[in-house]
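I opened a notebook for this structure and wrote down each thing as I looked it up. The sequence and the structure come before the entries.

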Amino acid sequence: MLFTAKLSDMPVEAESRVIIRFQDCDPLMHLNNSKYFDYFFNAREDQVSKLYGFSFEAMFRELRTSWVVYQHQIAYVRPARISEWVRITSRVIYYNDDTMVTEYFMTNDLRTELKTVLWTISKHISITTGQRVPHPQEVMDYLAATCVPGIDFPALHFNDRIHAIKQELAADASA
């Protein structure tokens, strides 16, 4: 079973609170650019396991499929600094029969300052052939339940999305 949570109980957004580690920083005490990917992917793996009961290993074993990264788009808005507590949010913003787009963003602990935004486009593949394959119905149901509604990804520009996230944070802070 890929998912242990009920579809109706699955939130569309996941958040983790983490500390920026000394070992991951450059001499200017900023999180090294390549380490943002580790922080985002580790957070997402923990989030989907906790919130949805999902295991990448189970997908690999049961369906003989996996998602592979096809493309990234990242913006470093403000640096994350050594020993700083940050929040990492992840959410699916688009999917189709064989593609998923995950949006990640990092903020300060109070969620008042945007630090980084990442879009990751993943393709669903057969681990046997290495070729793209359609998502099975169970995965399509999960994606439908967890995809952020109202985002027209094909018409969306990355920089406009950064602006929209900043507006979301400002609205949350003033509420």
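The entries below go from the sheet to its strands, then to the helices, the pocket and a few single residues.

**Entry 1: the sheet**

I began by noting that the model is a predicted one. I then asked myself in what order the strands of the sheet stand. I found an open sheet of five strands, ordered E1-E3-E4-E5-E2 and paired in the antiparallel sense. Strand E1, residues 14–19, and strand E2 stand at the edges with a single partner strand each, so one side of each has no neighbour in the sheet. I also looked up how neighbouring strands of this sheet are turned against each other, and the average is 25° when direction is ignored.

**Entry 2: strand pairs, one by one**

I went through the pairs and wrote down how many bridges hold each of them.

- E3 and E4 run antiparallel and are joined by nine bridges, and the two strands form a hairpin with three residues between them; in this pair, valine 86 has asparagine 108 in E4 as its bridge partner.
- E4 and E5 also run antiparallel, with nine bridges joining them, and glutamate 103 has tryptophan 119 in E5 as its bridge partner.
- E2 and strand E5, which spans residues 114–126, pair in the antiparallel sense over eleven bridges; threonine 65 is bridged to serine 126 in E5, and tyrosine 76 stands opposite threonine 116 in E5.

I then turned to the hairpin of E4 and E5, which has five residues between its strands, and there I noted that arginine 111 takes a positive phi near 60°.

**Entry 3: how covered the strands are**

Next I wanted to know how many residues of E4 are buried. Ten of its ten residues are buried, so I wrote that E4 is largely enclosed by the rest of the structure. For E5 I noted that 13 of its 13 residues are buried, and that this strand is mostly covered.

Leaving out residues up to four places away in sequence, threonine 89 touches several others, among them Glu13, Ala14, Glu103 and Tyr104.

I then moved to threonine 107, which has its place in strand E4. Threonine 107 is buried, with a relative accessible area of 1%, and its bridge partner in E5 is leucine 114. Beyond its neighbours within four places in sequence, threonine 107 is in contact with residues including Val86, Arg87, Glu113 and Leu169.

**Entry 4: the helices**

I asked which strands helix H4, residues 158–174, lies across. The strands are E2, E3, E4 and E5, and H4 runs at about 125° to E5.

I looked at helix H2, residues 56–63, from one end to the other. At its start, a side-chain oxygen of serine 55 reaches to within 3.2 Å of the backbone nitrogen of glutamate 57. After H2 comes arginine 64, whose phi is positive, near 60°.

**Entry 5: serine 83**

I found serine 83 in the loop between strand E2, residues 65–76, and strand E3, residues 85–95. I checked its distance from leucine 63, and the two are 20 residues apart in sequence and 40 Å apart in space, C-alpha to C-alpha. Not counting residues up to four places away in sequence, serine 83 touches Ile19 and Ile20.

**Entry 6: the largest pocket**

My last question was how much space lies in the largest pocket. I wrote down about 320 Å³. Its lining is made of 17 residues, and Phe41, Arg44, Phe56, Tyr104 and Ser122 lie nearest its centre. Helix H1, residues 35–52, as well as E2, E4 and E5, each supply at least two residues of this lining, and the largest share, five residues, comes from H1.

Note on methods
Residues numbered from 1 in each chain as written. Predicted model: local features only at pLDDT ≥ 70, side-chain atom pairs only at ≥ 80, totals over all residues. Heavy atoms only, no water. Polar contact = N/O pair within 3.5 Å; in protein donor to acceptor, adjacent residues only side chain to side chain. Helix = DSSP H or I, 4+ residues; strand = E, 2+ residues; numbered from the N terminus. Contact = heavy atoms within 4.5 Å. Pairing = 2+ DSSP bridges. Axes fitted to C-alpha atoms, helices over the stretch in contact; angles between N-to-C directions. Buried < 20%, exposed > 50% of the residue type's maximum accessible area, 1.4 Å probe, protein only. 1 Å grid on protein atoms, 1.4 Å probe; cavity = no way out; pocket = protein on both sides within 12 Å on 5 of 7 lines; lining within 4 Å. Points joined across faces, edges and corners; volume = space filled by probe spheres on them.
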